[in-house]
Amino acid sequence: MDSPPNLPPEQPAAIEEAPREPVLTLPFALTAYVVLLAVIHLRVLLPPDLENWTIDVFGFIPKRYDSSLLNLQIPGGAGAKVWTFVTYSLLHANLTHLGFNVLWLLPFGSALARRFGAIRFFIFLAVTAAAGALAHLVTHEHAVAPMIGASASVSGAMAAAIRFAFARGSFLSFSRTDAETAAKVPALPLSRALRDGRVLAFLAVWFGVNIIFGVGALGIETEGASVAWQAHIGGFFAGLLLFALFDPVPRARSDAADASSRDISNRI
């Protein structure tokens with residue numbers, strides 16, 4: 001009998017490694033913003049007098065703009081009448097206040113930061129913060145309590161994000177794709193978005209939550225510092241209406257927007 005030929009030893013089957021997920025999935029711009037808020041919040045470790053000074057100088061105080069009180073001395077001088085339209089949004093009363101705003105910002109801010117890029121994203125946050133401060137000023141002309149917190153910017157980010165969040169492939173769509181692609185889908189025209197049932201439901205829930213929690217006072221109030229609900233409304237409408245000025249993604253045609261807003265579950 002012939003001996004069987006020598007066969008090469010069996011090679012172990014190659015096992016393909018699954019691609020590793022990145023540890024940090026937040027876009028750089030949002031990560032930098034959250035880190036900035038956290039670093040600034042370390043001011044609470046300052047002596048009480050110095051901490052209160054930072055709120056007086058960088059918080060938004062409507063009384064600064066009261067021309068009838070010419071002799072009123074508020075720290076910060078004339079410059080504070082300008083920078084506090086934005087700097088108030090970087091201050092928070094405590095960790096609960098900061099954490100609450102960050103948690104709301106993470107899902108909507110992530111998509112917006114990927115879509116806008118860092119520069120547009122930071123300017124957008126500043127503009128919506130200023131809109132919130134303006135709304136607060138108009139409705140609290142003589143208020144002396146400083147307003148602090150990022151709630152107006154968070155509200156603006158949420159409003160801007162719903163302009164594309166429900167479009168097919170976006171991050172609130174059942175047919176969503178990866179994070180980068182989901183953030184770049186064409187946005188719905190505002191008139192079309194306001195006829196979308198999901199957008200209207202989101203608006204109803206958002207305003208409902210604001211009303212339930214102290215007539216919109218989602219901020220954490222402490223002695224001498226608060227976030228007024230009017231600031232939330234101002235930031236929200238600024239984000240909704242000014243979104244197109246910041247959006248680098250080409251608009252969808254009206255007929256394309258109608259098609260893209262239908263969910264994949266509606267296909268036959």
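The legends below describe close-up views of a predicted model. Local features need pLDDT of at least 70 and side-chain atom pairs count only at pLDDT 80 or more, while totals for chains, interfaces and linings use all residues. Residues are numbered from 1 along each chain as its sequence is written, and side-chain values use heavy atoms, with hydrogens and water left out.

**View A. Salt bridge between D247 and R115.** A salt bridge here is a side-chain nitrogen of Lys or Arg within 4 Å of a carboxyl oxygen of Asp or Glu; the structure holds three. In this one the N to O distance is 2.7 Å. D247 lies in the loop between α10 (229–246) and α11 (254–261) and R115 in helix α4 (residues 95–116), so the pair ties together parts 132 residues apart in sequence. Helices are DSSP runs (H or I, at least four residues), numbered from the N terminus. D247 is buried at 10% relative accessibility, and R115 is buried at 2%. Buried means under 20% relative accessible area, exposed over 50%, and partly exposed in between (1.4 Å probe, protein chains only).

**View B. Salt bridges E51 to R43 and R198 to D196.** The side chains of E51 and R43 meet at 3.1 Å, N to O, and both residues are buried. For R198 and D196 the N to O distance is 3.2 Å. R198 is partly exposed, at 28% relative accessibility, whereas D196 is buried, at 5%.

**View C. R115 over the ring of F164.** R115 lies over the face of F164, at 4.2 Å from the ring centre. This contact requires NZ of Lys or CZ of Arg within 6 Å of the ring centre and within 35 degrees of the ring normal. F164 belongs to an aromatic cluster with F116, F124, F243 and F246.

**View D. The ring pair F121 and F122.** Rings of Phe, Tyr and Trp (its six-membered ring) pair if their centres lie within 6.5 Å; planes under 30 degrees apart are stacked, over 60 edge-to-face and the rest tilted. The count comes to 19 aromatic pairs. The centres of F121 and F122 are 6.0 Å apart and their planes stand at 50°, so this pair is tilted. F121 is buried, with a relative accessible area of 0%; F122 is partly exposed, at 32%.

Note on methods:
Helices (H or I, at least four residues) and strands (E, at least two) are DSSP runs, numbered from the N terminus.
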